[in-house]
Amino acid sequence: MAVAVVVLAAAVLVASAVHLLPQLRNPFAEHTEEHSGPVLLQSIVELSRYEAASGSFQVVVDITTSSVLPSFLVGSDTLFIGVGTDNAYVDFSQLKGNAVQVSDDRLSATITVGHAQLEPATLDVHESHVYAQQQGLFTRINEFLSGNPNSQQALYELAQKEIQAAAAKSSLVADAERNTKTMLVDLLQSLGFKNITVNYADNATG
């Protein structure tokens with residue numbers, strides 16, 4: 001009986017091989033589907049944003065107020081040292097479906113992301129301080145009597161804007177894009193890709 005079963009099975013396989021019977025599916029065969037593009041895109045999107053560069057800045061703010069009265073009576077001249085930081089990041093959260101292109105042999109990949117952006121500058125209130133100040137007599141008396149804790153608010157706001165402007169003129173954005181490219185290349189190389197291209201475009205996110 002065992003011999004008959006073996007002979008019958010062999011006959012069925014041979015008949016299938018010469019197309020006399022419908023093709024039989026090998027239950028032990030592995031079926032592979034290529035999903036590198038979408039899966040890779042999803043993995044990058046899940047990173048949300050990459051904090052790619054950070055810069056420390058120090059600015060000098062000089063604010064002068066005056067009136068028709070002499071400066072020794074009314075007005076002030078304040079020299080303020082503002083210290084703060086700004087960060088540049090690349091946003092991955094809204095990448096479009098065509099942001100990642102993978103070759104058929106899964107050796108090459110092209111990624112298109114949005115340009116790096118600057119976060120709002122942050123002023124370090126502990127390090128920032130008034131370096132020098134001259135006030136008219138009436139101005140000093142008025143501030144003393146009012147006891148206004150926000151009298152230096154304008155100095156802090158202006159210093160923050162100056163730091164933001166300094167960051168925009170610096171190489172912070174370029175550094176962020178270079179660091180992001182290095183990170184993505186290292187990531188894809190660890191996944192087996194050999195040729196990786198990283199592009200920046202204004203319309204990479206939707």
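I looked up an open sheet first: it has three strands in the order S3-S4-S8, with mixed pairing. Strands pair here if DSSP finds at least two bridges between them, and helices (H or I, at least four residues) and strands (E, at least two) are DSSP runs numbered from the N terminus. The edge strands are S3 (100–102) and S8, each pairing on one side only. I noted an average twist of 10 degrees from one strand to the next.

This is a predicted model, where local features need pLDDT of at least 70 and side-chain atom pairs count only at pLDDT 80 or more, while totals for chains, interfaces and linings use all residues. Residues are numbered from 1 along each chain as its sequence is written, and side-chain values use heavy atoms, with hydrogens and water left out.

Next I checked S4 against S8: they run parallel, joined by six bridges. Ala 109 stands opposite Ile 196 in S8.

I then turned to H5, which lies across S4 and S8 and runs at about 150 degrees to S8. Axes are lines fitted to C-alpha atoms, for helices over the stretch in contact, with angles from 0 to 180 degrees between N-to-C directions; contact means heavy atoms within 4.5 Å.
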